[in-house]
Amino acid sequence: MSRSFKELLEQVRTCEKKTLSVACAQDQPVLEAVKEAHELGIIDATLVGDEDKIREIAASIHMDLSEYAIIDVKDTVEASLTAVKLVHDGKADMYMKGILPTKDFLKSVLNKEVGLRTGKPLSHVAVFEIPGIDRLLFMSDVAFIPYPTLDDKKAMINYCVETAEACGVKNPHVAPLAAVEVVNPKMPATVEADELRKANEAGELKNCVVDGPLSLDIALYPAAAKEKGAEGRPCAGRSDILIFPDIHAGNLVYKAIGHMVPGVQQGCMLTGTSAPVILTSRSDTKDVKVNSICLAAVLSEHKHKA
């Protein structure tokens, strides 16, 4: 079980090396992350995009391009379709966004002929290593589904469970979050959290324990659970997965942790696709991008073994 990104890296190194396809790879932060992940022995990579610009950036960061495949495609839309087709055709294991608009990247993911669509909802899974918490935390959705329906939340749980399992977490504890830990008909988030709990009890949501609604403090901290008389609840103080009621709650928590917690480590992926998709923000650090590549590699290995 990986309790940190350092342990996750060691786990990745026991897997077969994966091939990463990068769309519009002429981006320095992305190439820096790809270079580091390659040097760590996690990946090989195919760089699709403007070869002249890729070579210019690579020279500035001392990246030996003889160790990578390059496909020269100047047009960004065409480059994204070329890059995603490599994954669709089984010539690469993972797909990563370079320097192109997110909407164009997502269009390539969902392309009917060469994309990675499955017919399932797409969702964003973020993973955090937070000082003071003795395990990785998996969170959804903080960046993709604005107002998830009950069915969306079931899909989000399934994606997080699969990601947690890939990281070695068996039967993860899932907390559908709300402002309070009791069901209140006037607060729809609490009602849906309770429905998710019932779906888990009925066997619809498998390989996990779902307990909601829970407030964030009770979900994560045993002392808070004890103080509020909730220590007997199955996920109180021990939640591995946090499911947010909407994108506002998720994104606020995501950015607060990422920008305000010293020493935090994080990574993220787009899920619901036939292969792992690395969709990071332009403002994300190189470490976030490398961590995201690690996560994608672990999930790719898990999918291949399933």
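**Helices and ring pairs in a predicted model**

Helix H7 itself covers residues 188–201, and its 14 residues reach 20 Å from the first C-alpha to the last, close to the 20 Å expected at 1.5 Å a residue. Within H7, the buried residues are Thr190, Ala193, Asp194, Leu196, Ala199 and Asn200, and the partners they pack against are helix H6 (150–166), strand E7 (173–176) and strand E8 (209–210).

Turning now to another pair of helices, H4 (residues 76–88) packs with H5 (residues 102–109) at an angle of about 40°, the axes being 9 Å apart, and the crossing of H4 and H5 is right-handed. On the H4 side the contact is made by Val77, Ser80, Leu81 and Val84, while H5 contributes Asp104, Ser108 and Val109; these contact residues divide into 4 nonpolar, 2 polar and 1 charged.

Tyr95 lies in strand E4 (residues 94–97) and Phe105 in helix H5, 10 residues apart, and both Tyr95 and Phe105 are buried.

Phe128 and Tyr254, by contrast, pair edge-to-face, at 5.5 Å centre to centre with 65° between the planes. This pair links strand E5, which holds Phe128, to helix H10, which holds Tyr254, across 126 residues. Phe128 is buried at a relative accessible area of 0%, and Tyr254, at 12%, also counts as buried because the cut-off is under 20%.

Technical notes: Residues are numbered from 1 along each chain as its sequence is written. This is a predicted model: local features need pLDDT of at least 70, side-chain atom pairs count only at pLDDT 80 or more; totals for chains, interfaces and linings use all residues. Side-chain values use heavy atoms; hydrogens and water are left out. Axes are lines fitted to C-alpha atoms, for helices over the stretch in contact, and angles run from 0 to 180 degrees between N-to-C directions. Helices (H or I, at least four residues) and strands (E, at least two) are DSSP runs, numbered from the N terminus. A crossing is left-handed if the near helix is turned anticlockwise from the far one by less than a right angle, and right-handed if clockwise. Contact means heavy atoms within 4.5 Å. Ala, Val, Leu, Ile, Met, Phe, Trp, Tyr, Cys and Pro count as nonpolar, Asp, Glu, Lys and Arg as charged, and the others, Gly among them, as polar. The expected span of a helix is 1.5 Å times one less than its number of residues. Buried means under 20% relative accessible area, exposed over 50%, partly exposed in between (1.4 Å probe, protein chains only). Rings of Phe, Tyr and Trp (its six-membered ring) pair if their centres lie within 6.5 Å; planes under 30 degrees apart count as stacked, over 60 as edge-to-face and the rest as tilted.
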